[in-house]
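User: I would like to know what stands behind the terms used for this structure. Please take them one at a time.

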Amino acid sequence: SETILKVNNLKKHFPIKTGVLQRETGVVKAVDGAHFSVKKGETIGIVGESGCGKSTTGRTIIRLYEPTEGQIIYKGQDIAHLKEKEMRSTIRRDIQMIFQDPFASLNPRKTLGSILYEPFKVHKMYSHKEREERIGDLLETVGLDASFKSRYPHEFSGGQRQRIGIARALTTQPDLIIADEPVSALDVSIQAQIINLLEDLQDDLGLTYVFISHDLSVVRHIADRVGVMYLGNMMELASKEDLYAEPLHPYTRALLSAVPVPKRKGAEKREKIVLQGDLPSPSNPPTGCVFHTRCPEAMEECKKVVPVFEEKRQDHFVACHLYKKA
Ligand code: SF4
Ligand code: MG
């Protein structure tokens, strides 16, 4: 199927004040080279530790942030630098976001009915009667009851609130959903229900997901392809099968070594790789490979030469000097 979203060399730098007197200016390189594509109806998982830039990548794609550099090609059109007026018409309807904390993103003073009515007004979609009908349908679609319309967010459990967040994302009939840690705040049993709901909706509605998570087990369950980020940079990108079975980047290997794997006969035992040192600051990233200060396999050239993110095996991309181009 067709590629619906392609992100090329995406960067998002935030200006900051630095120095003792806060008189100097610098930049936080929150995202400093994100690359991936996703086909219609697929899920791409974006993983990495907190602060790696995965959330900023999601928010920049949906244009909550203006990108510093790079391309966001959505359905063949580069939307990276579209003006808000140009976004309004189709893109804002077409790409929706689900947030980690559904409660924080729901207005506590509004009933569920008016929360779900809002996007219809913003986008001037449907008649009043159709909107009311659609709200009932949406609630049922996400496993809630149409009669919940008159209730307030605090009357719902965490799992129900995330269902509301999903319903709200669906109001405008999007094709692409950016889900930023959508189950991280939920109990494990509830996590599974929400993941199943997202998968059912994908099948029924043909949705495409960018699924952002620090949890490699969750991503392994839901994603078709997986991208690994470190300090604002995409380090590795491959099919889920290739990435989990044969991680190439030393950072990916370290991340995966910390995930308990079900014991299989003949399965290779993975030693836990403990990374030395602290995560460097994105306002002062290391030269060369940004991972070199912590990489167990760092070589002399890694300190000086930035590894190019390229296809090193078929459909398996990695930014690391250990591999030659395919
Ligand atoms: Fe490690 Fe060098 Fe590869 Fe970076 S380029 S991940 S420092 S081996
Ligand atoms: Mg985050």
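Analyst: Two strands count as paired if DSSP finds at least two bridges between them. Strands (E, at least two residues) and helices (H or I, at least four) are DSSP runs, numbered from the N terminus. On that basis four strands form an open sheet in the order 2-1-4-5, with antiparallel pairing. The model is predicted: local features need pLDDT of at least 70 and side-chain atom pairs pLDDT 80 or more, while totals for chains, interfaces and linings use all residues. Residues are numbered from 1 along each chain as its sequence is written, and chains are lettered from A and ligands numbered from 1 in the order in which they are written.

User: What makes strand 2 and strand 5 the edge strands?

Analyst: Strand 2 (24-39) and strand 5 (77-78) each pair on one side only.

User: How do you know that strand 1 and strand 4 pair?

Analyst: Strand 1 (residues 3-18) and strand 4 (residues 69-74) share five bridges in the antiparallel sense, and the definition asks for at least two, so they count as paired. Lys-6 stands opposite Ile-73 in strand 4.

User: What pairs with strand 8 in the parallel sense?

Analyst: Strand 3 (residues 43-47) pairs with strand 8 over five bridges, with Thr-43 opposite Tyr-209. Strand 7 (residues 176-180) also pairs with strand 8 over five bridges, and there Asp-180 stands opposite Ile-212.

User: Why is strand 8 called mostly covered?

Analyst: Six of its six residues are buried. Buried means that 20 or more other C-beta atoms lie within 10 Å of the residue's own; with 12 or fewer it is exposed, and in between partly exposed, with C-beta atoms placed from the backbone. Thr-208, Val-210 and Ile-212 point one way from strand 8, Tyr-209, Phe-211 and Ser-213 the other way, and all are buried.

User: How does the span of helix 7 compare with the expected one?

Analyst: The expected span is 1.5 Å times one less than the number of residues. Helix 7 (residues 188-205) has 18 residues and reaches 26 Å from its first C-alpha to its last, close to the expected 26 Å. Just after helix 7, Gly-206 takes a positive phi of about 70 degrees.

User: Why are the buried residues of helix 7 said to line one face?

Analyst: Gln-191, Ile-194 and Leu-198 are buried in helix 7. Seen down the axis, the buried residues fall within an arc of 70 degrees, so they line one face of the helix; the arc is that of the directions from the helix axis to the C-beta atoms. The face turned away from the buried side carries the exposed residues Ser-189, Asp-203 and Asp-204.

User: What covers the buried residues of helix 7?

Analyst: The cover includes helix 6 (158-170), strand 8 (208-213) and helix 8 (216-222). Contact here means that the C-beta atoms of two residues, placed from the backbone, lie within 7 Å.

User: Which residues are buried in helix 4, and what covers them?

Analyst: Leu-112, Ile-115 and Leu-116 are the buried residues of helix 4 (residues 112-122). They cover an arc of only 90 degrees around the axis, which puts them on the same side of helix 4. Their cover includes helix 5 (128-141) and helix 6.

User: Which residues are closest to ligand 1?

Analyst: Of the 14 residues that surround ligand 1, the closest are Cys-289, His-292, Cys-295, Cys-302 and Cys-320. A residue is near a molecule or strand if its C-beta atom, placed from the backbone, lies within 6 Å of it.
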